[in-house]
Amino acid sequence: MCIRDSQCDMQLFNTVKVSSPIFNRSSHKVVSMMSNPSKSVILHLSFNESNDYFVCGTETGFSIYNSLPYIRTFEHFFNAGIAKIAISLESDIIALVGGGKCPRYPPNKAILWDSSRRKSANELTFKFNVKSLQLLRGYLIVALERNVYVYQMPELKVFQAVETCCNPLGLCAASSKGPLVIVCPAKNHGAIQAFNYGTATTAVHSVFDSSIAGLAIAHDGCLCAASSFDGRYIRIVSLATGGVVQQLYCGPNRAVMQHLNFDKSNKWLACSTDKDVIRIFFVTRSGVEVKKKGKEGYDVCLLYTSDAADDSLRVDLGGRRNIKKKKK
């Protein structure tokens with residue numbers, strides 16, 4: 001791995017700039033997702049650590065939006081693809097990885113891009129392609145297929161290097177409140193490893209007998225959700241005890257898990273799959289470990305949206321509650 005520094009001032013990481021061009025809402029109006037839909041194919045979509053903003057990478061550049069109200073606060077066009085993005089409220093720096101038909105940057109590089117100067121400030125070069133990255137709480141987290149690297153900002157010092165099992169999706173999650181907790185796949189398939197930076201402890205918890213296809217952590221770092229490789233089951237694990245405290249059933253059909261996220265209150269868990277299905281589960285925080293096995297030991301989702309879904313309740317997430325029974 002090669003780290004190359006530029007002469008650009010990296011002290012931007014240390015301060016929160018209220019006037020940052022990324023998060024300035026005052027001079028923007030509600031806009032469409034893409035300025036030129038005919039040329040902008042979406043390659044990436046994700047939220048920041050507080051879910052207040054989300055970023056959209058396209059074949060031509062990237063945009064940053066305020067979640068509520070829906071306002072575009074920043075955009076930049078490269079006329080080239082950006083496949084992975086990470087932003088943080090703590091700085092003007094944006095982490096970028098190229099992708100698409102015409103990548104702006106090589107897929108094995110993580111670019112630290114200065115939004116105030118609209119140019120690259122630093123970069124990290126790896127032997128293998130970057131699968132995912134996060135920028136939060138003074139750390140840059142980069143996931144490769146078999147490694148996760150944690151860098152301390154702004155010096156870009158390697159704070160921790162972790163080995164994982166084969167992780168082609170770059171699964172890795174970090175808490176946004178309380179002590180920083182990072183979870184990622186362990187060396188053994190079906191297990192996760194959790195690193196608590198507050199207590200300086202590491203733990204490995206077995207979740208499934210086979211590979212994990214989705215991973216999310218509660219904002220306070222107490223719970224972790226992992227989905228099975230076939231997308232049919234989700235288990236919520238207490239990171240304090242390692243026990244499974246809730247099991248969720250997503251339906252009988254195999255599916256590819258695309259997103260898995262807790263809400264801010266950690267009371268709800270949402271997941272989406274390649275079947276055009278969004279399911280929302282209520283998270284019970286009883287702390288009691290689940291001992292039942294089989295389908296009867298799983299909770300079903302409360303709400304979902306999709307004509308292709310197979311549960312008995314459906315909700316229109318556009319604002320109207322539309323409950324229908326499955327036709328026989």
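**A strand pair and its surroundings**

Modeller: A216 stands opposite A225 in β19. Residues are numbered from 1 along each chain as its sequence is written, and side-chain values use heavy atoms, with hydrogens and water left out. Because this is a predicted model, local features need pLDDT of at least 70 and side-chain atom pairs count only at pLDDT 80 or more, while totals for chains, interfaces and linings use all residues.

Strand β18 (residues 212-217) and strand β19 (residues 223-228) pair in the antiparallel sense over 5 bridges; two strands pair if DSSP finds at least two bridges between them, and strands themselves are DSSP runs of E, at least two residues long, numbered from the N terminus. The hairpin of β18 and β19 has 5 residues between the strands, and there G221 takes a positive phi near 75°. Strand β18 is largely enclosed by the rest of the structure, because 6 of its 6 residues are buried, where buried means under 20% relative accessible area, exposed over 50% and partly exposed in between, with a 1.4 Å probe and protein chains only. As a general point, side chains in a regular strand alternate between the two faces of the sheet.

D276 and A255 are 21 residues apart in sequence and 9.8 Å apart in space, C-alpha to C-alpha. Elsewhere, F78 is buried, and W113 is buried too.

Conventions
Helix = DSSP H or I, 4+ residues; strand = E, 2+ residues; numbered from the N terminus.
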